[in-house]
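Here are my notes for you on this model. Have it open while you read, and go through the points in order.

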Amino acid sequence: MKQIITGKAYVLGDDIDTDQIIPAEHLVYSLSDPEEKKNYGKFALSGVPKIEAGLPEGNKLFVHEGKFESEYTIIIGGKNFGCGSSREHAPACLKIAGIQAIIAKSYARIFYRNSVDGGFFIPFETLDKLLNSIRTGDTLKIDLEAGTLTNNSSGQTLKLQPLGEVAEIVKAGNIFEYARKTGMI
Amino acid sequence: MGLTITEKILAAHAGKDKVTPGETIWVDVDVLMTHDVCGPGTISIFKEQFGKNAKVFDPEKVVIIPDHYIFTSDKHANRNIDILREFVSEQNLPYYYDVGTENYKGVCHIALAQEGHNRPGEVLFGTDSHTCTSGAFGMFSTGIGNTDAAFILGTGKLWVKVPETMQFEFTGKFPDYIMAKDIILQVIGDIGVDGATYRTMEWAGDAIMNFSMEERMTLCNMAIEAGGKNAVIEADEVTLKYVNKRTNKPYKTYNSDQDANYFFKKTYNASTMEPVVAKPHSPDNKALVRECSDIKIDRSYIGSCTGGKYNDFLAAANILYGKKVAVNTFIVPATTEVFKDLECKTLNGKTLLNIFKEAGCEIGDASCAACLGGPKDTFGRTHGTEVVVSTTNRNFPGRMGSKQSEVYLASPYTAAASALTGRITDPREMLN
């Protein structure tokens, strides 16, 4: 597991649901075929209304026309990120688009579980919403050991919430690795 | 200190006498359900992790119900059904409801109930967020992703964080024009789309226990729209009558103790409830139907696990009988059993199907259809700026297809009344 994650921020609002993350019409592609699954990167976050795409200005494409990966690698969300359906295609599409971490005020339960158990990325939480302190395009640094987030563009550093009961699964990599480590399978 | 139904079921499945909210436990799984959208991904993770020749933990406990993208020419969607077929045959799975056969059912949550897979006291996981529907049978049920489902396929177990319970009690009697859909929209509006996150929504009170199993399913179905982990209603005679007709398997019923610990309790007076809608673009954007009477609609949609059961269509037929719809109106039975009921059961001498046809409705085949948009050729899907009143469960941007369309979630009574006038209409205007 990487101890330092750096990248450009893509900022979203509250209650970003799984249909905005990956619209249902795209749920038909294989997640195991290396070529076919690139489509999930292509359509990641394509359901977000334009004015809310990449705050505060909006109208910022997450993945450019003809591309399968995003120039942004860290998502900043508000409350209840990933609400709606149980589709694992949601964390999967973000990972395929190149996302390495999400930092939100809170998550919908199934999205959070899927992110951790599937080992797609770490869903970090913060006490306060970051919508006003981080702008899309800011350069961020997450220090896992220190549990901090630094906005290199503004110089501000803040604490991330502890991972709690999922920390061991995160450390192991995913639910299968955790189960192997603990002798369950 | 006593325990809630959910705590008792989870404790029994973790081999413990009691569990405490917040505690992480491993539970034994009674049923794993998957469908065409998440089944293929689940199968590929199962094989990758447990080996190409791995066998599922117990074929009797795996239920596969294709329902999402059935009547489409999308080649990827059709390929996904083939993947399910191949897996079912390789693993000899007895509970598979294949497309294009007499065995085909339609929407998984309703099919689970109708085919006897919902049994009080059991633990059921499904790769669909509306799996919480099954809680109507006094069982623990919740939605999971492909990875967790693959883990269950290989081990028969999953970790669960024991949820705190919120109890919503309705006392007295609901007015005749109120449906379970009005009640769940009211509660989601009160607590918000994350008001029950990580928690159980337990329904109680004489008004709730007077609901049919179908109405109870509607209540539990949308717990996820408040962020709920599961919903639950204790099993009573109504439950047992429904279940015993459909399964011979043994099961056990649980009730919450008088001194159980609740995170939150609220009591509503059932008689004061009014028809409500959730306005675009969130299920908690609540308004009274009578406050929205100036909103013009282009379409009415009656279908899905939430609003496509027999009782939902009976309610709609009561309003549409002998009248003509003013806007495009789509009727999509959740399952083939519901479709048969529309063909056979009558209201004032006419079959429900004929009532809908004579009213000018378009009838679709049993499946999830446009509830979640889906492939471009999906029946009832939005493609432009349609304003829709719908008996489905979500109205986030783009949920029914087009990001520009606007969806008002409503009861079947309200959806039918609005279909006749072309504006959002309180069913009381039609039922008097």
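**Notes on helix packing, cavities and pockets**

1. Let's start with helix 2 of chain B and helix 3 (residues 75-91) of chain B, which pack at an angle of about 50° with their axes 9 Å apart. That makes the two helices, helix 2 and helix 3 of chain B, oblique; angles under 35 degrees count as roughly parallel, over 145 as roughly antiparallel, 65 to 115 as roughly perpendicular, and the rest as oblique. (Axes are lines fitted to C-alpha atoms, for helices over the stretch in contact, with angles from 0 to 180 degrees between N-to-C directions; helices are DSSP runs of H or I with at least four residues, numbered from the N terminus.)

2. A word on where this comes from: it is a predicted model, where local features need pLDDT of at least 70 and side-chain atom pairs count only at pLDDT 80 or more, while totals for chains, interfaces and linings use all residues. Residues are numbered from 1 along each chain as its sequence is written, chains are lettered from A and ligands numbered from 1 in the order in which they are written, and side-chain values use heavy atoms, leaving out hydrogens and water.

3. Back to that pair: helix 2 of chain B passes helix 3 of chain B in a left-handed crossing (the near helix is turned anticlockwise from the far one by less than a right angle; clockwise would be right-handed). On the helix 2 side, the contact (heavy atoms within 4.5 Å) includes B:Ile43 and B:Phe46, and on the helix 3 side B:Ile83, B:Leu84 and B:Phe87 are among the residues. By class, this contact of helix 2 with helix 3 of chain B has 6 nonpolar, 3 polar and 2 charged residues. (Ala, Val, Leu, Ile, Met, Phe, Trp, Tyr, Cys and Pro count as nonpolar, Asp, Glu, Lys and Arg as charged, and the others, Gly among them, as polar.)

4. Now look at chain A, where the axes of helix 3 and helix 4 (residues 109-117) come within 9 Å and cross at roughly 50°. Helix 3 and helix 4 of chain A are therefore oblique to each other, and the crossing is right-handed. A:Ala90, A:Pro91 and A:Leu94 of helix 3 meet A:Phe111, A:Asn114 and A:Ser115 of helix 4. That contact of helix 3 with helix 4 of chain A has 4 nonpolar, 2 polar and no charged residues.

5. Which way do helix 6 (residues 180-191) and helix 8 (residues 213-221) of chain B pack? Their angle is about 20°, with the axes 8 Å apart, and that makes helix 6 of chain B roughly parallel to helix 8 of chain B.

6. Next, the pockets. The second largest pocket holds about 440 Å³ of space, and A:Leu31, A:Gly118, A:Phe120, B:Ile45 and B:Glu48 lie nearest its centre among its 20 lining residues. Helix 2 of chain B gives the most to this lining of the second largest pocket, with 5 residues. (On a 1 Å grid over the protein atoms alone, a cavity is a set of points where a 1.4 Å probe fits but cannot get out, and a pocket is an open set with protein on both sides within 12 Å along at least five of seven lines; lining residues have an atom within 4 Å of a point. Points are joined across faces, edges and corners, and a volume is the space filled by probe spheres set on them.)

7. Finally, the largest cavity has a volume of about 210 Å³. Its lining divides into 9 nonpolar, 10 polar and 5 charged residues.
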